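Dear colleague,

Please find the structure below. My notes on its salt bridges follow.

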Amino acid sequence: MRFWAGCGAGLGRRGRGLGGDRGAGTVFVVGFAVVVWVVGVSAVLVGGVRGARHRGEAAADMAALAGAARVADGRGVACARAREIAVGSGARMVRCRVRGEVVDVSVAVDVTMPMGLKGRRIVSRARAGPAGQDGVP
């Protein structure tokens, strides 16, 4: 007699144990896979936005410093240099204001979202100038 021949005896009318739980494991596995997928996609989206924010802040800082270094050459030259630095850093200049020797710039970084979601625009601002003037410590 084979070992497996008597293993199903006495397990109910269908011979499969409890019988009412057929397929429940599949539902749980699919549900868990959906939760893991949603968490993973959310992490990628948040990481992309945070990376763009950091890139925008760095571009704004460098643009403001570059503009402040050229203030003596005139407002147009200072803002042109700040724009070059912002574009070279992967950002777009939104605003450049020169007041005295202080340069205030705003740059934007566009974030593309996967799966057809609407993209985001991250705007960062920085100011540079001589220490102690116009509220710059």
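Is Arg81 buried, partly exposed or exposed? Arg81 is partly exposed, at 27% relative accessibility; buried means under 20% relative accessible area, exposed over 50%, and partly exposed in between (1.4 Å probe, protein chains only).

This is a predicted model, in which local features need pLDDT of at least 70 and side-chain atom pairs count only at pLDDT 80 or more, while totals for chains, interfaces and linings use all residues. Residues are numbered from 1 along each chain as its sequence is written, and side-chain values use heavy atoms, with hydrogens and water left out.

A salt bridge is a side-chain nitrogen of Lys or Arg within 4 Å of a carboxyl oxygen of Asp or Glu. By this rule there are five salt bridges.

One of them joins the side chains of Arg81 and Glu84 (2.9 Å, N to O). These residues are three apart in helix H2 (residues 75-88), so about one helical turn separates them. Helices (H or I, at least four residues) and strands (E, at least two) are DSSP runs, numbered from the N terminus. Glu84 is partly exposed, at 48%.

Another salt bridge pairs Arg92 with Asp110, with the closest N and O atoms 3.9 Å apart. It links distant parts of the chain, since Arg92 lies in strand E1 (residues 92-99) and Asp110 in strand E2, 18 residues apart.

Arg125 and Asp104 also form a salt bridge (2.9 Å, N to O). Arg125 is exposed, at 56%, whereas Asp104 is buried, at 2%. Together with Arg95, these two residues belong to a network of salt bridges.

Yours sincerely
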